Amino acid sequence: KAHFEIIGKGGSTIKKIQQEFGVKVQIPRRDDPSCEVVLEGNPANFDAVQEEMGKILGFAVGTEPIVTVILDIQPSQHGALVGPRGSTLHRLENTHRCNIDIPRKSSKSSHVEVSGPPEGCESLRQEVESILKESVAVVSSEAAPRTVEVQKFDISSKPIALSLFFPDDDGSDGWNFDIFLQYLASATETLDVCVFCISDDRIASTLIRLHTEGVRVRVISDNDTASNQGSDIEAFRTAGIPVKEDSTPAHMHHKFAVMDNACLINGSYNWTRQASTKNNENVMITNQAEFVKSFADHFEHLWNTF
């Protein structure tokens with residue numbers, strides 16, 4: 001809910017923030033449970049951006065870790081939390097620096113979701129008890145989802161022959177998206193990307209970070225998808241990453257990447273949130289020299305063609 005308020009109607013609010021403060025604001029997509037909003041740009045403006053977001057949301061925002069707490073409150077008592085025209089709800093959110101999500105009446109659910117700093121969630125629960133004049137039980141409490149942290153793999157010294165399939169409903173041996181992203185982030189010298197559609201900001205942020213760390217990153221993508229809403233192609237250009245697009249009536253439909261001319265990622269997987277969570281997709285990762293060289297050579301051919 002808070003993310004939608006920051007975005008604003010038609011993206012008007014987030015565009016205003018970015019223009020006024022000279023920053024890029026990255027908000028998780030709808031199918032990403034992460035609560036993290038990432039700022040890129042001049043760090044001197046970050047405090048002002050946080051303050052502006054606080055004004056929009058009605059409660060202060062910060063950088064400390066947050067939790068999500070489910071409170072058991074009967075539907076008949078939800079009105080007391082909302083108050084006249086939402087006044088009580090807004091006061092609670094602002095005072096305790098939390099976001100409160102009250103179920104719709106039609107759901108008849110007693111689970112009220114509170115997200116915020118741990119101490120804020122607890123102080124809010126205590127005030128709710130004072131308002132309702134009865135104890136309020138905590139159904140569950142857990143750390144709010146965060147963007148995955150990536151670590152580098154050794155992509156050259158040992159044989160790699162890995163297959164990943166999506167969607168991935170079993171993380172017992174590691175979540176497939178995390179594994180994919182870690183291999184991608186393992187490039188130390190060069191990263192050549194040739195992918196039809198790139199709109200997953202988690203992947204885009206990894207490419208931009210590698211670029212800022214000195215890795216030579218090059219991107220080839222399809223000219224039609226590059227202009228789609230949510231595409232990260234312009235973000236790459238802004239960051240200084242060389243980008244080329246095909247200029248033919250047909251599509252540049254590849255989905256592969258070569259890291260350090262030593263490891264290949266290839267498959268049906270477009271670099272989108274839809275591909276990681278909903279589509280039936282596959283990714284193959286290998287450092288078998290014959291495969292790596294053929295794809296590296298084809299990347300150079302496309303790079304020189306477009």
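This is a predicted model: local features need pLDDT of at least 70, side-chain atom pairs count only at pLDDT 80 or more; totals for chains, interfaces and linings use all residues.
Seven aromatic pairs are found in a search of the whole structure. One of these joins F177 and F180 in a tilted arrangement, with 6.1 Å between ring centres and 40 degrees between the planes. The two residues lie three positions apart in helix α7 (residues 176–184), so about one helical turn separates F177 from F180. Both F177 and F180 are buried.

F180 also pairs with W271, here edge-to-face, at 5.7 Å centre to centre and 75 degrees between the planes. This pair links distant parts of the chain: F180 belongs to helix α7, whereas W271 lies in the loop between β12 (263–267) and α11 (273–277), 91 residues apart. The relative accessible area of F180 is 0%, and that of W271 is 1%; W271 therefore counts as buried, the cut-off being under 20%. Through ring pairs, F166, F177, F180, Y269 and W271 are linked into a cluster.

Charged groups are also placed over rings. The charged end of R202 sits over the ring of F177, at 3.9 Å from the ring centre. For R218, the charged end sits over the ring of W303, 5.2 Å from its centre.

E281 is located in strand β13 (residues 281–286). E281 is buried but has no salt bridge; K255, the nearest side chain of opposite charge, is 6.7 Å away. The E281 side chain does make a polar contact of 2.7 Å with the side chain of S268. Leaving aside residues up to four places away in sequence, E281 touches L164, F165, F166, S268, Y269 and A275. Among these contacts, F166 and Y269 belong to the ring cluster.

Conventions:
Residues are numbered from 1 along each chain as its sequence is written. Side-chain values use heavy atoms; hydrogens and water are left out. Helices (H or I, at least four residues) and strands (E, at least two) are DSSP runs, numbered from the N terminus. Buried means under 20% relative accessible area, exposed over 50%, partly exposed in between (1.4 Å probe, protein chains only). Lys and Arg count as positive and Asp and Glu as negative; His and the chain ends are not counted. A salt bridge is a side-chain nitrogen of Lys or Arg within 4 Å of a carboxyl oxygen of Asp or Glu. A polar contact is a pair of N or O atoms within 3.5 Å; within protein, one must be able to donate a hydrogen and the other to accept it, and residues adjacent in sequence count only if both atoms are side-chain atoms. Contact means heavy atoms within 4.5 Å. Rings of Phe, Tyr and Trp (its six-membered ring) pair if their centres lie within 6.5 Å; planes under 30 degrees apart count as stacked, over 60 as edge-to-face and the rest as tilted. A charge sits over a ring if NZ of Lys or CZ of Arg is within 6 Å of the ring centre and within 35 degrees of the ring normal.
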